Amino acid sequence: MSGLLPVEDAQARLFALRKPLASKTIYFSQSLGRYLSQDVAAMRDQPAAPLSAMDGYAVRHADLPGPWVIAGEIPAGSVPGAPLNAGEAMRIFTGAMLPEGADTVVMQEDVAVAGDRLTLSTGDTINAGQHIRARASDFATGTTLVAAGTRLTPGAIATAIMSGAPQLSVGTRPRVAILTTGDELVQPGHALAPGQIPDSNGTMLATMLAGEPAEVSLPLHIRDDRTILSRVLNDLARRHDVIVTVGGASVGDHDHVRGALDDAGGRLDFWKIAMKPGKPLIAGTIGDALLLGLPGNPSSAFVTATLFLLPLVRHLAGAREPLPEIRQAPLAAPLGAGGTRRDYLRARLAGGALTVFDGQDSGRTAPLAEANALVIREIGAPARTAGEPADYIVIA
């Protein structure tokens, strides 16, 4: 369809409107979900010395099959006081440093102790180096352990701590304002007059952003008034990095986002995307703030937030790969041919197969309650049979 921007082009243009925000140094306890702005390189070897991987006895492999004289004990966290001599063994615990001269650990289950005498009680082969964690077997000094742009998970945080780093450098969390528009909208929990509907979009978007490294203002709602909208946009732009409007992005007499953007001194970058739902998407700037105008139907708002808002927040926060991952799974039922826009079809992945819901009208909200995937159907794609693979995006 002429005049409509492809999804990938729109995403690239959106990211180009502003570089990632500045980085800051934070404590490990504050870092979950943030994006690294600098590589974490190992400042130490791990382990820093050969360690025992079992509770048992440190011996010289050349002294097998024993017996040995027990010459001492090495708990974890202590430094062996003396080297291990021929014919000697030392009691050792998991994580403890091996004494000089030891090259094998025999598990405590495989030996018998009588006073200070140790004998082997197993016929199994004892290999040299058995049950020892070699120095730097996890990582060596200088190794890049967590790359810049990585989202910090508990495992990544643990690795960064083990690297010896005192703190982490991460991207700043974008400040995001959510603004819903429409005379027909009523805030959740309030009584509805004829022609009114509950405003679900503001809360939906706020909860979608709850899993992202962003500072989200409580959703605002204003009526369909271009003058008021322009004034609010100007105010929000002074205090936020991203302004998300919901509704008012189309071409109706009461769709004021484009006009209000102009009135606020902003600049439109693009409008209308070759996708369904979500064609009337707006992107622009007001000063240093980015404006993203989403369509008003909940399904359209959800899809465009998945493809544009969440990736934008990740981009600004320093993500290396801000776009949602595209996966593949077989279709549970036949799927018709594609049209003139790329479809993002609400679906459910269960038992390893994708079931696309009947009735993909953007005005329908109920399918969102069951959907955990968006099936991607390309422009002009041929019809597919059950069992054929389909691309999809995981959604919560």
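Guide: Let's start with Trp-68. Setting aside neighbours within four places in sequence, Trp-68 is in contact (heavy atoms within 4.5 Å) with Val-59, Asp-63, Gly-87, Glu-88, Ala-89, Asp-116, Arg-117, Leu-118, Thr-119 and Leu-120. Before going on: this is a predicted model, where local features need pLDDT of at least 70, side-chain atom pairs count only at pLDDT 80 or more, and totals for chains, interfaces and linings use all residues. Residues are numbered from 1 along each chain as its sequence is written, and side-chain values use heavy atoms, leaving out hydrogens and water.

So where does Trp-68 sit? Its place is in strand 5, residues 68–74; helices (H or I, at least four residues) and strands (E, at least two) are DSSP runs, numbered from the N terminus. With a relative accessible area of 0%, Trp-68 is buried (under 20%; exposed is over 50%, partly exposed in between, with a 1.4 Å probe and protein chains only).

Now for helix 1, residues 7–16. Which of its residues are buried? They are Val-7, Ala-10, Gln-11, Leu-14 and Phe-15. Looking down the axis of helix 1, these buried residues fall within an arc of 135° (taken from the directions from the axis to the C-beta atoms), so they line one face of the helix.

Let's zoom in on helix 6, residues 298–316. The axes of helix 1 and helix 6 come within 10 Å and cross at roughly 35°; axes are lines fitted to C-alpha atoms, for helices over the stretch in contact, and angles run from 0 to 180 degrees between N-to-C directions. On the helix 6 side, Leu-307, Phe-308, Pro-311, Leu-312 and His-315 meet Val-7, Ala-10, Gln-11, Leu-14 and Phe-15 of helix 1. Sorted by class, this contact has eight nonpolar, two polar and no charged residues (Ala, Val, Leu, Ile, Met, Phe, Trp, Tyr, Cys and Pro count as nonpolar, Asp, Glu, Lys and Arg as charged, and the others, Gly among them, as polar).

Charged pairs turn up elsewhere. The whole structure has 17 salt bridges, each a side-chain nitrogen of Lys or Arg within 4 Å of a carboxyl oxygen of Asp or Glu. One joins Asp-241 and Arg-18, at 3.2 Å from N to O. Asp-241 lies in the loop between helix 4 and strand 18, and Arg-18 in the loop between helix 1 and strand 1, so the pair ties together parts 223 residues apart in sequence. Asp-241 is buried at 4%, while Arg-18 is partly exposed at 22%.

Another salt bridge joins Asp-263 and Arg-226, at 2.6 Å from N to O. This pair links helix 5 with helix 4, 37 residues apart. Asp-263 is partly exposed at 42%, and Arg-226 is partly exposed at 37%.
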